[in-house]
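Hi everyone, and thanks for coming. I'd like to walk you through a structure that may be new to you, so please have a look at it with me.

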Amino acid sequence: MASWIEKQRSILDYTLSSLMRRKGKNISLFIVYTVVVFILASAMFFTQAMKREASLILKDAPEMVVQRLLMGRYDPIPLDYLQKIRGIRGVISADARLWGYYYDPVVGANYTVMVPRNQSLSPGRIIIGNGIARDRMINRGDIFSFRAHDGQSRSFTIDGELPAASELVSADLILIAEADFRDLFGFPASHATDIAVSVINPKELLTIARKISEQLPDTRPIIRDEMVRTYDSVFDWRGGMVIVLIMMALLAFVIFAWEKASGLSAEERREIGILKAIGWETSDVIAAKTYEGSAVSFFSFTFGILLAYGHVFFSAAFLFAPALKGWSVLYPDFRITPFIDPYQVAVLFFLTVVPYTVATIVPSWRAAIVDPDSVMRS
Amino acid sequence: MILHPAIVALVLVSFLISGMMLYSALFGFRVIRRWDIQSGSEEQLALERKTYLISTILSYVFVFQIGSLFLYVYTADSLHNLFIGAMCAAGSLYVDPYGYPTFILKILNCILAGLWLIVNYVDNRAYDYPLIRKKYVMLLIMMPLFITEGISQWLYFAQMRADVITSCCGSLFSSERSGVGSEIVGLPVKAAMAGFYLSLALTFTTGFIYWIKGKWGRLFSFASGLLFLMSGVALVSFISLYFYELPTHHCPFCVLQREYGYIGYLLYAALLTGAVSGLGAGILMPFRKVPSLSGSLPIIQKRLAMICLIAYAIFAGISIYRMVSADFTLGLL
């Protein structure tokens, strides 16, 4: 056993010194390898972080939301549905929610306008998210005017800004009083946007949802778990999509690695020839080449992951965010909570190190079967 | 099909492994037909050189295969919240009929690759490659299994549909489906316990006899294979219950989670090592009479037997320690 370790140590020793002797060749490989790991890791860390943020937000979402459908499209829900839903056994509360979108042509963004459920605002006053405050350069005390449904403008005094901590959800949010909301959008007093339902026993959610859709056939209940699932699969899909797109780059990298590994210089061939002449076996040379590949992989992989970590968690993934974040025009400016899952590192390993290693097997073997006699003669 | 990064990685790896196996098997076919150690021809020389390539490829296949086994289980686990009723990997693997077959094929292929490497190691000890044809026949048998695994895994992921909100309906969709079964049902506890402890005792008795006297090697190897199966059954029907301290949760995958200190990795690594080395000792039995191996083979086999016993001792030790130390009891002892 001890002699085996000693032998491996010597092979490793030789490998590292031979890597150092061919700096130019290996540095270019290292850079390309690092970039590939960096891109993949950034995409994965970012989608994972978004999934986490989304699930944190959805934790506070209502257990069930009931929407009304008309001709297969979403429609405001009549308020008398509230009584029917409250009458179902197991429902603790059912509240009407009022919210909608307002398109602001100045910044070209959609705001979410909402009537807060647990906070009363006096008429004529609004609270805005700090994304809006930033883009419109308005602050507490300023006047913000909207173009209402009838073409007239309505002005509101800004009563405050929402805390920055909740920016992911509230960047584009405007809180408004109920009367103002109905007036702004011309929304009839007998209707609401949708209904939030909470139940006593979460296990009964499905049954209650079924009862609601039986009693009120023109509605669709949406359960929070379904939202979580949908978000998860949307973000997974985006991450996967990016990876499939990067696959082409990965293929190019594999070809590059193959080329690098098989392009042995005359000097390197002579070196291997001499090693074999002084008693190294083919399997020893293969081992040396394996160590060489592992060393390059180890440094590039680690370095690529560190770079991606900085990119995603300290600079908010400025390279990828537009592609991965989504549909909104007004992006929240937030710092993602640093978080790495060993599982993601394993997936990354399989996406980068494994293809690289496979690409170098045949070239290392080719190098190892060099015939010492012919090499030293030439 | 769910386009999850891990699924892309698993499909990529299975593609690479299948490719490597196919290449090795094609070469194996040539070896079986043309190998002639007496000849000094160009072709024979090329074949001899290429055997190094195949050993290297198979070592990588073995390593990647183990990695892909764990990644597969972990991915199934991380996907569970996309399916109604699935609580962990046990549930996600049920979502279509290919989940469990792929899992079992992955384990089988890990063991086969390990066994091949053992035979290969022994073969390289001898100057005349006495096992070369046999090991390439073995490779030809393994190749379709690896490819089946790749196809089965592809079908598993391709048929997966996440239960997400569609534009036409919300939870109606959910309540119409009954959801996948989320629990595995184990064998009755008493039968599983009896099987596990009996095969444990058999393996250790025959193992020590083999270690000391060099007898009963085949029986020992058979017992170690049986113990592997019985340990799997035991894990599902009662060992897991002690880890979760829940009388109903029979999942063999949750022990891999952080909540249980990732102890599952050690358990599974011990089990796989035990199976590969125990079966490896047995598979070498018929070659003891080969003259060029008669010196080295018994030593290798004894070492394998020792590794097997140590690995199973780790598995049984951790499991039994947990059964004794946990507050949970099944009320049988």
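How many residues does the contact take from chain B and from chain A? The answer is 41 residues from chain B and 45 residues from chain A, where contact means heavy atoms within 4.5 Å.

Before I go on, a word on what you are looking at. This is a predicted model, in which local features need pLDDT of at least 70 and side-chain atom pairs count only at pLDDT 80 or more, while totals for chains, interfaces and linings use all residues. Residues are numbered from 1 along each chain as its sequence is written, chains are lettered from A and ligands numbered from 1 in the order in which they are written, and side-chain values use heavy atoms, with hydrogens and water left out.

Back to the interface. The size of an interface is often given as the accessible area lost when the parts come together. Here, chain B and chain A bury about 3,700 Å² between them, and carbon and sulfur atoms give 73% of that; the figure is the accessible area, with a 1.4 Å probe, that the two parts lose on being put together, summed over both. Across this interface, the rule finds zero salt bridges. By salt bridge I mean a side-chain nitrogen of Lys or Arg within 4 Å of a carboxyl oxygen of Asp or Glu.

A:Glu6 pairs with A:Arg9, their closest N and O atoms being 3.5 Å apart. Both sit in helix α1 (residues 2–21) of chain A, three residues apart, about one turn of the helix. Helices here are DSSP runs of H or I with at least four residues, strands are runs of E with at least two, and both are numbered from the N terminus.

A:Arg68 counts as buried at 16% relative accessibility, while A:Asp218 is partly exposed at 22%. Buried means under 20% relative accessible area, exposed over 50%, and partly exposed in between, using a 1.4 Å probe and protein chains only.

Then there is A:Asp194 with A:Arg97, at 2.9 Å between the closest N and O atoms. A:Asp194 lies in strand β12 and A:Arg97 in strand β4, so this bridge ties together parts that are 97 residues apart in sequence. Both residues are buried.

Now over to chain B. Where is the kink in helix α8 (residues 217–244) centred? On B:Leu235, with a kink of about 60 degrees; the bend is the angle between axes fitted to the seven residues ending there and the seven starting there. Of the 28 residues of α8(B), 21 are buried, so the helix is largely enclosed by the rest of the structure. Just after it, B:Glu245 takes a positive phi of about 55 degrees.

Last, the cysteines. A search of the whole structure finds zero disulfides over all chains, a disulfide being a pair of cysteine sulfur atoms within 2.5 Å. For B:Cys110, the nearest cysteine sulfur is that of B:Cys308, 17 Å away. B:Cys110 is buried at 1% relative accessible area, and B:Cys308 is buried too, at 0%.
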